[in-house]
Amino acid sequence: MNPTALPRGEIQVDRLGLPSAKSMLVRLFTDRELQIRGLRYSLGLPTPLRTPDRQVLERIIFPHYLSLPNMRSILFIGVSWYTKHYQEAYFHGLDFWTLDVDKKVRRFGGSNHVTGAMEDLRSHFADGYFDLIICNGVYGHGLNSKDQCERAFEGCYACDRAGGYFMLGWNDVPENPGAPLDSIESLRRFRPEPLPQLGTWRYRVDAPARHVYDFYRKDE
């Protein structure tokens, strides 16, 4: 497969829209599911985000990795209100860690959470510690410059065990300020690893956000 090709998503899910304030107000009074989600959020309860990319992540990507042998230590980078339930729902009983540079989102992370920049990963974790590192929604949203990316992905490579996995989720949109991924030398240390259920190592969800999942593995 051409490594720059981004196949269209094949999962039929709701499209991610950008509603106006007026339409959101109408939905607030007419959409029972939205009302329930708002109530759950206000009560501090787990509140899943039902966007197409999250459904791919939660229904396909998580189950695949969790089905692999020797999957014990996992780092999830980039947390928000819609990730609060991840530890209990998907990673219960595992050595699960979360990391985010924003100290205000600590309450949405796992019980083992680090407030810090992704490029400083080796300051917090030993080399070879993780079986899987997931970085979703960080590249292009704070992780922007080439120097930042080089340090961040080098840290991921170092903290991943031999034969471990790395997943990068990002938005393939013109306004993404991240340095071109094909220019990041440290990322090229990983080898692309196709996800069998999706049939490719690079998968774009068919929705306006153009969210892409890249799947990599560290050589044994």
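1. The side chains of Asp 172 and Arg 210 form a salt bridge, with N and O 2.9 Å apart; the term stands for a side-chain nitrogen of Lys or Arg within 4 Å of a carboxyl oxygen of Asp or Glu. Asp 172 sits in the loop between S5 and strand S6 (191-192), while Arg 210 sits in the loop between strand S7 (202-204) and strand S8 (211-217), so the pair ties together parts 38 residues apart in sequence. Strands are DSSP runs (E, at least two residues), numbered from the N terminus. Arg 210, at 33% relative accessibility, is partly exposed, a class between buried (under 20% relative accessible area) and exposed (over 50%), with a 1.4 Å probe and protein chains only.

2. This is a predicted model, in which local features need pLDDT of at least 70 and side-chain atom pairs count only at pLDDT 80 or more, whereas totals for chains, interfaces and linings use all residues. Residues are numbered from 1 along each chain as its sequence is written, and side-chain values use heavy atoms, leaving out hydrogens and water.

3. Arg 161 and Asp 131 meet through their side chains in a salt bridge of 2.4 Å, N to O. This pair links distant parts of the chain, 30 residues apart, with Arg 161 in strand S5 (residues 160-171) and Asp 131 in strand S4 (residues 130-136). Both Arg 161 and Asp 131 are buried.

4. A salt bridge also joins Arg 202 to Asp 214, their closest N and O atoms being 2.8 Å apart. Arg 202 belongs to strand S7 and Asp 214 to strand S8, so parts 12 residues apart in sequence are tied together; Arg 202 and Asp 214 are both buried.

5. The count comes to 13 salt bridges.

Terms used
Helices (H or I, at least four residues) and strands (E, at least two) are DSSP runs, numbered from the N terminus.
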